[in-house]
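Biologist: I'm new to this one. Could you put it up and walk me through it?

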Amino acid sequence: MDYPCSKDIVAKVTEVGSLPQTLAAVLKVINNPDSAADQIAEVISRDVSLTTRVLRMVNSAQFGRKRKVTKVSEAVIIMGINSIKVLTLSSSVFGMVTDKDLFKRCNIKRIWRHLIETASSARSIAVEIKYKEPEEAFVAGILHDLGIILMLLYYREGYLEVMEKMTVDKEGIEAAERNIFGLTHSEVGAAMTGGWKLPSNLTYVVQNHHSLSTGIMPEEAALNNIIALADRMTIGPFDNYSPDIEKNIEFIQSACRSLNLSNDAVNRIRKESILESIKLAEYLDLDIGDILEILTEANDKLAELYFSLERIYIEKRNLQSQLNGAVTETVA
Ligand SMILES: [Fe+2]
Ligand SMILES: [Fe+2]
């Protein structure tokens, strides 16, 4: 099947995908330093589902309130501006998909889980390395694969073909996207966030999260490497970034070095992020699967990884003994 050229795709998604109304209004009022909690609460109260989520979150164990909070203005004060921003943005991104056809034909649950886990791991990495704004890392995690959601919404048949190529032919995500559309989800997502006029470091991450920013580490590069690492740590529908497992391991190691992060810290964050994601999904009213389902999938992935590494090890050992044999023969 023929799909439109990359320029037309960018033009179409940026035209149809305007910034969700509630998000635009909340960001506007939050970004104004003179806004009071009452004004922020007033904007939130116009959206019933966001109001429900805010009240559910403020009454959760995380905020440890003895008395039930029923007023949004009180919730805004207790939760703080950053948590409100995160909750509004997450609700807006997940709220973009309501179409039942997409739920039937594609494993949306795994995509949601990937976004939430990436965001939650990114926030923990940011805290660990003392990055200035951990909530910004969370927001970037939710947004990083926005291009995939847009492609599934507006170029569904082609994108399902991309996903099939990744699963059946084990093609890397960006190669499969380029083959079919001539551009990647990172480019589509960045065109969109650029148009939304979000801070430029978020657009930079959406555009570059499949590679590491090297050299001196300005804040933008650090944020990008946090997301690049969190993205690869999570189990998503797009695990085969590169069919070469050794390259994936090297990538993770380089990301850790660039962020000065130990392997132990990465393992701990990985485990914690699974539980945190389940909690977050509850506040957002999202189905990402239960703990048993998630752990079973994580175990399957680990087993797959173990067997791939074992195969690589055996291949290398055989090659080494062949080389040793050849050297001995030459010497003799
Ligand atoms: Fe991505
Ligand atoms: Fe991703």
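Biologist: Is C256 buried or exposed, and what is its relative accessible area?

Modeller: First, this is a predicted model, where local features need pLDDT of at least 70 and side-chain atom pairs count only at pLDDT 80 or more. Residues are numbered from 1 along each chain. Buried means under 20% relative accessible area, exposed over 50%, partly exposed in between (1.4 Å probe, protein chains only). C256 therefore counts as buried, at 3%.

Biologist: And C106, buried or exposed?

Modeller: Its relative accessibility is 8%. That makes C106 buried.

Biologist: How many disulfides are there?

Modeller: A disulfide is a covalent bond between the sulfur atoms of two cysteines. The test asks for a pair of cysteine sulfur atoms within 2.5 Å. Searching the whole structure gives zero.

Biologist: Which residues coordinate the iron ion (ligand 1)?

Modeller: Donors are N, O and S atoms within 2.8 Å of the metal (3.2 Å for Na, K and Ca), and water is not among the atoms, so sites may look incomplete. Here the donors sit at 2.1 to 2.2 Å. They come from D145 (OD), H185 (NE2), H209 (NE2) and H210 (NE2).

Biologist: Which residue bridges the iron ion (ligand 1) and the iron ion (ligand 2)?

Modeller: The two ions lie 3.7 Å apart. The bridge between them is D145.

Note on methods: Chains lettered and ligands numbered in written order. Heavy atoms only, no water.
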